[in-house]
Amino acid sequence: MAEKKRMYIGTDSGLTVMDNRGSGWQHCQDVLAGKFVRAMTTVRGVNTAYACVTKDGLYSTHNGGESWRLSLPGNVHSVAVDPTDPNVVYAGTEPVGLFRSPDGGNSWTELTALKNQPESVTDKWWFPQYPHESHVLSIFVDWHDPRALCVGLEHGGILRSIDGGAHWQDLSDGIEYIDIHTVKGDPVYPNLYYTATARGFYRSDQYGRNWLFSQQGIKRSYFHDLVVIAGRPPTLLLTTANGTPPAWMRKERAQSAIFRSLDYGMSWHQLTGGLPESMERMIWNLSVDPDNPDHFYAGTGEAQGQRSENTDSRGGVWLSTNRGDSWKPIYEGPNTVRSVCVGLE
Amino acid sequence: MSREAVSRIPWAPLPDGQLSWFRADQSIFATPRPLDYTLEIHALVFGLTYALESIEFPLYALRSRLVHGRVYLAAVPSAIAEGDLAQRLKNIHDQSVRFTRNIQQAWQRQIKPEVETYNRWFDEVASFTGPSTGLAGKIRKLRRARGNQWFTAIRGVVAPAVLLRQNAGELDSDIGVLAEHLVRSALAMVRERGKALVNLALAGAGERLAQVGVIENCADVFWLEWGEVCDLLQSLADRRGIVAQRKLESEWDAAEGAAASLGPRLPPDAPRMYLIPEILRLLDVHS
C-alpha cells in the first residue's frame, strides 16, 4: 500500500495542504489565511510540519496539517530540524535571533550568543526595508555533527557554531555582497559548504571559511534557494534570476532558471526540460521528496508587491521525478508560492 | 578588473591605500568638526553606500576619510559588478522602470512617512530629560538611524531622479520633473530638518557635559567624536584638553592646501564611479 503524502504549499497569503494517496495531488484544505508563509519543513513519519509566518510566528502541525498551533511567536523567517533528532527544531528570527526547541516545538530557548556578537559583526546586520533589521533566513544543522550549526543572515553574513550555539564565529570573508539566502553543508564532506547569495554562488572547502566564487556555466546574477542531495557526487540545484526583485518589474520579469551541479558546485548547467529558458516568475523555493531523492518540487511566484497583468494566478508548483532533467507544473494558485515541502504519513 | 566565473582566492575589498580619493566639495561635506564627521558624514556615506548598492550600482562601497579637515571619498570597486558590467547596467536600467510607475505614491506612502518617523525620534532624543546613561544609549543609536534616513531618501528619490535623467529619452518628461521636485522635498526633510534635530540632540548632550564641567561650553561637544560623546555621558571624564587641542589642529588644517584627489588616478569612465558625481551634485541642490 502506497504511503499517503501531504504537500504543504506556503504562500504570501496562506498555506494550502494537498493530499496524495497514490492517484495524484488533491486539494485538502487552506489554512493560515492571509499569512505570509515564508519557509517550511516537514519531519518524516510523524505527520509533523513547521511553517514560518513573518511578523507572527512559527506554526506547527502534528496531524498532517489538519490543525495548526502557534508554537513560537515572533517574526520568524526560517526553520530547520536536526537531521539526527527529529524532536530538535531551530527557528531563525528578525531581529537576528536563533531559538532551539528540544521537544518538537513545545518549548523554546534562545541561543543568545548569536545576537551578542561584537560591533564589527553586528554593524553588518542591516536590511533595505524598514525597520532595516537583518534576519536569519537560512539554518543548516550539520549532517555529521548536530552541534555544528550554520546560519545565513539576509543582509548580514554567515555565522557558524561548533558547540550547539554557545559560541559563534562570523565566516563571511570572501563574499562580496553578504545578502545570504541559503547556506548548506555537503552531506559527505563535512568541510565543504555552499551558499547562495543575492549576487553570487560560493563554495568553501574550509568549513565555511574563505568562500570562493563558483559560477561556471551560470548566466544569471541573482541566487535564492539551494538544495543539496546526498551522493558521490551530490546533486546541487540552485534557483536564479536576473537582478534583484525591484528589477523584475521589467517586461521579462524575473528571468528565473534552475541550474544543477554534479561536481560539488564547481560548474553548472541550466535545467530546461519542461521549463522555459527564462521564467517570468521567480522560483523561490526547492525541496526534495523525503520518500524519493529523485523527486524535486519547485515553488514559483511574484516578488512582494508585484503582480502580473491579465491573470488571476500568481504562483505554482513544479515537479521533477528525475533529479531535475524534466519538470511539469502540478499546482497553480492565486498567491505567490514561497515554500513547498512534502511529508509522509 | 573582471572576475573569473570561479575564483581561486577569496575576494577582499581594496584597502584604502589602493583607492583613488576625490575631495568632496559639496556643502554637506564642508569642514566637519569631529562630531560632524563621525556621525553625520558617516551616516551620509552609510546611506549612500547601501542605497547605491541596493539599486545595483557597480561599486562595492563608498568610503570617506578626513585629510587636513577636508572630506575625501573613494568608491571601492565591485568584482561581481565588473565581472558582468553589461548585465549590471541592464539591471540598474530595469530597476529605474519601477520609479516611473508611481514615484509620487511611493514617496507619499513609504518614503516620506519613514523619513518623518526618524525626525520624530530625533526630536524625542533632543527633548529627552532622563539620566545621562539613557541619553548615551540614544545617541549610540542615532548614527544608524540617521544613516537609515539618508538611505531611504537617497534610494527612494535622489538616485531615482538621476536614473530618470539618464533614461530621459525613454520617459514622459513629467516624471523627471516630479522626481526632482520630490528630491527637494526629501532634502528639506533630511538634510535640513533632520540635521537640525540631530544637532539639537547633540547640543543637549553638550549642555549636560558643560554643566558638569567636562567641556567648556555646550558647542564644544562637536569637537568630540561620536563614540567619545556616548562614553563621556557615562564616564564624565574631563575632555577640555582634547577639545582645545582639536580646535588648534583645525586652525592648522585650514591653512593647509587640499589636493583635488589623492592616490592612484582613476579613468573618468571607471564603473565604480557610475553616476556618483551626479548624485553628489543633486544632494547639494538647494531650493
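Me: Hi! Which strand does β10(A) pair with over two bridges, and in what sense?
Reply: Hello! In this predicted model, β10(A) pairs with strand β11 (residues 109-110) of chain A, in the antiparallel sense and over two bridges.

Me: Nice. What is the bridge partner of R100(A) in β11(A)?
Reply: R100(A) has T109(A) as its bridge partner there.

Me: And how many bridges link β9(A) and β10(A)?
Reply: Five, and the two strands pair in the antiparallel sense. They form a hairpin, with three residues between them. One facing pair is T93(A) and G97(A), the latter in β10(A).

Me: Where is P95(A), then?
Reply: P95(A) sits in the loop between β9 (89-93) and β10 (97-101) of chain A. The peptide bond joining E94(A) and P95(A) is cis, with omega at about -5 degrees.

Me: Which other residues in chain A are joined by a cis bond, with omega about 10 degrees?
Reply: Y130(A) and P131(A) are joined that way. P131(A) is in the loop between α1 (119-122) and β12 (135-141) of chain A. For context, most peptide bonds are trans.

Me: OK, and how many residues of β22(A) are buried?
Reply: Four of its five, so strand β22 (residues 257-261) of chain A is mostly covered, taking buried to require 20 or more other C-beta atoms within 10 Å.

Me: What does β22(A) run antiparallel to, with five bridges?
Reply: That is strand β21 (residues 235-241) of chain A. L238(A) stands opposite F259(A), which belongs to β22(A). Strand β23 (residues 269-271) of chain A is also antiparallel to β22(A), joined to it by three bridges. There, I258(A) has L271(A), in β23(A), as its bridge partner.

Me: What does L238(A) touch, leaving out residues up to four places away in sequence?
Reply: L238(A) touches A196(A), F201(A), F223(A), L226(A), I258(A), F259(A) and W268(A). L238(A) is also one of the residues with the most contacts inside the largest nonpolar core, together with Y8(A) and A51(A). That core has 95 residues.
Me: How many residues are in the other core?
Reply: The other core, lying apart from it, has 76 residues, including A51(B), I92(B), V162(B) and L163(B).

Me: Changing topic to backbone angles: what is phi for N210(A)?
Reply: Phi of N210(A) is positive, about 55 degrees, although N210(A) is not a glycine. Most residues other than glycine have a negative phi. N210(A) lies in the loop between β18 (200-204) and β19 (212-213) of chain A.

Me: Why does N210(A) count as partly exposed?
Reply: Because N210(A) has 15 C-beta neighbours inside 10 Å, and partly exposed is the class between exposed at 12 or fewer and buried at 20 or more.

Me: And what about phi of H68(B)?
Reply: Phi of H68(B) is near 50 degrees, a positive value in a residue other than glycine. H68(B) is in the loop between β2 (59-67) and β3 (70-77) of chain B. H68(B) is partly exposed, with 15 other C-beta atoms within 10 Å.

Me: Last one! How many residues of chain A are in contact with chain B?
Reply: 26 residues of chain A are in contact with 22 residues of chain B. The chain A side divides into eleven nonpolar, eleven polar and four charged residues.

Key:
Residues are numbered from 1 along each chain as its sequence is written. Chains are lettered from A and ligands numbered from 1 in the order in which they are written. This is a predicted model: local features need pLDDT of at least 70, side-chain atom pairs count only at pLDDT 80 or more; totals for chains, interfaces and linings use all residues. Two residues are in contact if their C-beta atoms, placed from the backbone, lie within 7 Å. Ala, Val, Leu, Ile, Met, Phe, Trp, Tyr, Cys and Pro count as nonpolar, Asp, Glu, Lys and Arg as charged, and the others, Gly among them, as polar. Two strands pair if DSSP finds at least two bridges between them. A nonpolar core is a set of buried Ala, Val, Leu, Ile, Met, Phe, Trp, Tyr and Cys residues joined through C-beta atoms within 7 Å.
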